[in-house]
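This report describes selected local features of one protein model. Please keep the sequence and the structure in view while reading.

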Amino acid sequence: MGHEHAPTPVEDTGAGNAGADAERGPQALAETDLHEVGPGRYEAFLPETWTALQGVHGGLVASLAVRAVNRTMADPSRTLRAATFGFIRGVRPGPATFCVEEVRIGRSLTTYHISVTQSDGPPSVVGRLHLSPSWAGVEFSDVKRPAVIARPPDALRFVIPGGQGHVHHLSTWLHPETTLFAGRADARWMAWTRPTPPDRVDAAWLTMLGDYFPPAVAVRNTGPSRAVSIEYGIQIHTSAEYYPLGTSQHLACEMRATHAASGFAVEDGTIWAPDGTLLATVRQTRLAG
């Protein structure tokens, strides 16, 4: 769902993540099962190992929502192109129900609504997802690529002492200038990462990744502060079922908070393939203060 306090990166010693992570190992998204219990209705058990400081990590919940919609639609030619999720209240570890509602199926665009509830309570997360087959259209990009796409040799492994929280599920490397609580003028988070097998770079995994990192404002701030996600949107810029990633390749991820006022901040992000292809853009509205 977001973060109140961001964890601290430390230099990797070559032995992997410390503490509990060394014993448990990273958990792939595919290890969280989604069971159909009725038409457009699914249940999943949200593991405690995917908790952030405000409950279960919102990116995990959003990725399960994408999987639920894909199973309901049952049309592999249509892939996720855009989705928006509203985080209404914290999601607890344990059972959760995903209810999918078809809004419209057109020739070029399919739209679904989804709601996530627990213990027959009111919705904790709501979402709107748009899916489409590949079709011809104008192509251009004025999005500025990061100065460095490939992981630099001086990048630091992002490790949490004790292996606690959702961020230990991916091998993530930080740009050397990404220092939390450093009071930097630019609220920017730059990192390189890749899926944990058997996960692959598909729409559900990218939806998780767009919400994976600590808030960009944590780089500008000089201490912990609230940064809980209120709304999260992702746009997928490829109609491929998945992007093939080589065994030594990483995605480049850049997240930047560009504006904060009256207790809220806006954060924009880009996710890049190793060849410089823009795979996804994200935007979040967070509490900030």
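How many cavities of 30 Å³ or more does a search of the whole structure find? The search finds three.

## Basis of the report

The model is predicted; local features need pLDDT of at least 70, side-chain atom pairs count only at pLDDT 80 or more, and totals for chains, interfaces and linings use all residues. Residues are numbered from 1 along each chain as its sequence is written, and side-chain values use heavy atoms, with hydrogens and water left out.

## Cavities

On a 1 Å grid over the protein atoms alone, a cavity is a set of points where a 1.4 Å probe fits but cannot get out, and its lining residues have an atom within 4 Å of a point. Grid points are joined across faces, edges and corners, and a volume is the space filled by probe spheres set on the points. The largest cavity holds about 40 Å³ of space.

The lining of the largest cavity consists of Val201, Asp202, Ala203, Leu206, Ile236, Thr238, Ala240, Glu241, Tyr242, Tyr243 and Leu279. At least two lining residues come from each of β13 (201-202), α3 (203-209) and β15 (242-243). These element names refer to DSSP runs numbered from the N terminus: helices are H or I with at least four residues, and strands are E with at least two. Sorted by class, the lining has eight nonpolar, one polar and two charged residues. In this scheme Ala, Val, Leu, Ile, Met, Phe, Trp, Tyr, Cys and Pro count as nonpolar, Asp, Glu, Lys and Arg as charged, and the others, Gly among them, as polar.

## Aromatic pairs

A pair of aromatic rings is described by the distance of the centres and the angle of the planes. Rings of Phe, Tyr and Trp (its six-membered ring) pair if their centres lie within 6.5 Å; planes under 30 degrees apart count as stacked, over 60 as edge-to-face and the rest as tilted. The count by this rule is four aromatic pairs. One of them joins phenylalanine 158 and tryptophan 189, an edge-to-face pair with 5.6 Å from centre to centre and 80° between the planes. Because phenylalanine 158 lies in the loop between β10 (156-157) and β11 (172-174) and tryptophan 189 in strand β12 (residues 188-193), this pair ties together parts that are 31 residues apart in sequence. Phenylalanine 158 is buried at 3% relative accessibility, and tryptophan 189 is buried at 0%. Buried means under 20% relative accessible area, exposed over 50%, and partly exposed in between (1.4 Å probe, protein chains only).

The ring centres of tyrosine 212 and phenylalanine 213 are 5.6 Å apart and their planes stand at 85°, so this pair is edge-to-face. Tyrosine 212 has 1% relative accessibility and is buried; phenylalanine 213, with a relative accessible area of 3%, is buried. Phe158, Trp189, Tyr212 and Phe213 form one aromatic cluster.

## Charges over rings

A charge sits over a ring if NZ of Lys or CZ of Arg is within 6 Å of the ring centre and within 35 degrees of the ring normal. Arginine 151 lies over the face of tryptophan 173, 3.9 Å from the ring centre. Arginine 200 is placed over the face of tyrosine 242, 4.0 Å from the ring centre. Tyrosine 242 is also among the residues that line the largest cavity.

## Cysteines

How many disulfides does the rule count? The count is zero, where a disulfide is a pair of cysteine sulfur atoms within 2.5 Å. Cysteine 99 is partly exposed, at 22% relative accessibility, whereas cysteine 253 is buried, at 0%.

## Backbone features

Proline 197 and proline 198 are joined by a cis peptide bond with omega of about 10°. Proline 198 is located in the loop between β12 and β13.

Alanine 74 is not a glycine, yet has a positive phi of about 55°. Alanine 74 sits in the loop between α2 (58-73) and β6 (79-87) and is exposed, at 60% relative accessibility. Aspartate 120, also not a glycine, has a positive phi of about 60°. Aspartate 120 belongs to the loop between β8 (110-117) and β9 (125-132) and is exposed, with a relative accessible area of 78%.

## Contacts across the sequence

Tyrosine 42, in strand β3 (residues 41-46), is buried at 1% relative accessibility. Tyrosine 42 and valine 69 are separated by 27 residues in sequence and by 9.8 Å in space, C-alpha to C-alpha.

Lysine 144 lies in the loop between β9 and β10 and is exposed, at 74% relative accessibility. Lysine 144 and threonine 270 are 126 residues apart in sequence, with 9.6 Å between them in space, C-alpha to C-alpha.

Methods:
On a 1 Å grid over the protein atoms alone, a cavity is a set of points where a 1.4 Å probe fits but cannot get out, and a pocket is an open set with protein on both sides within 12 Å along at least five of seven lines; lining residues have an atom within 4 Å of a point.
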